[in-house]
Amino acid sequence: PLLVASAPLAPSAAEWAQLVQSAGGSGDRLSRKEDVPLVQDFAFAGPVIDIFGGLDQEILGFGGAFTEAASLMFAGMPEALQEQVLEMYWGSDGLGFTLGRLPINSCDFSPRSYSFDD
């Protein structure tokens, strides 16, 4: 589940977080659930970093990593199954991916070792 804080957190104040869930087999795809309270779970005497409002990062989209091994499997699928997979990742009824990350060298899921700097 993804917790999205709805307000700056203060150790002594009860705040709420918005719960958004994607879970296989449940039909949930970024489904909004009931808000959950954010409460202090234990006393902490160590250093605390307070983070105040303001935009630090902008979310450009959501996606995943696609390895060479996954690409080879995809290339070997029938075209109808390829279309189904693409719809499941990027389609309006799918996960809603907007980004994909590709390795630029071989990785542990590559059939051979190489780099583009060779």
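Predicted model: local features only at pLDDT ≥ 70, side-chain atom pairs only at ≥ 80, totals over all residues.

Mentor: The chain has two helices and six strands. Along the sequence they follow the pattern β-β-β-β-β-α-α-β.

Trainee: What share of the residues counts as buried?

Mentor: Of the 118 residues, 13%. The chain exposes about 9700 Å², and carbon and sulfur atoms supply 59% of that area.

Trainee: How much of the contact count comes from residues 24 or more positions apart?

Mentor: They account for 36% of the contacts with a separation of 6 or more.

Trainee: Why is the pair of Phe66 and Tyr89 called edge-to-face?

Mentor: Start with the total: the structure holds six aromatic pairs. In this one, the ring centres of Phe66 and Tyr89 are 5.5 Å apart. The cut-off for a pair is within 6.5 Å, so the two rings pair. Their planes stand at 85°. Over 60 degrees counts as edge-to-face, so that is the label.

Trainee: What makes it a link between distant parts of the chain?

Mentor: Phe66 and Tyr89 are 23 residues apart. Phe66 lies in the loop between strand 5 (63-65) and helix 1 (68-75). Tyr89 sits in helix 2 (residues 79-90).

Trainee: How do you know whether Phe66 is buried or exposed?

Mentor: Its relative accessible area is 17%. Buried means under 20%, so Phe66 is buried.

Trainee: And why is Tyr89 called partly exposed?

Mentor: Tyr89 has 31% relative accessibility.

Trainee: Which residues form the aromatic cluster?

Mentor: Phe66, Tyr89, Trp90 and Phe97 form one cluster.

Trainee: What makes the phi of Leu30 worth a remark?

Mentor: Leu30 has a positive phi of about 50°, yet it is not a glycine. Most residues other than glycine have a negative phi.

Trainee: Where is Leu30, and why is it called partly exposed?

Mentor: Leu30 is in strand 3 (residues 28-32). Its relative accessibility is 48%. Exposed requires over 50%, and buried under 20%, so Leu30 counts as partly exposed.

Technical notes. Residues numbered from 1 in each chain as written. Heavy atoms only, no water. Helix = DSSP H or I, 4+ residues; strand = E, 2+ residues; numbered from the N terminus. Buried < 20%, exposed > 50% of the residue type's maximum accessible area, 1.4 Å probe, protein only. Contact = heavy atoms within 4.5 Å. Areas by Shrake-Rupley, 256 points an atom, 1.4 Å probe, with all protein chains shown as cover. Phe/Tyr/Trp six-rings, centres within 6.5 Å; stacked < 30°, edge-to-face > 60°.
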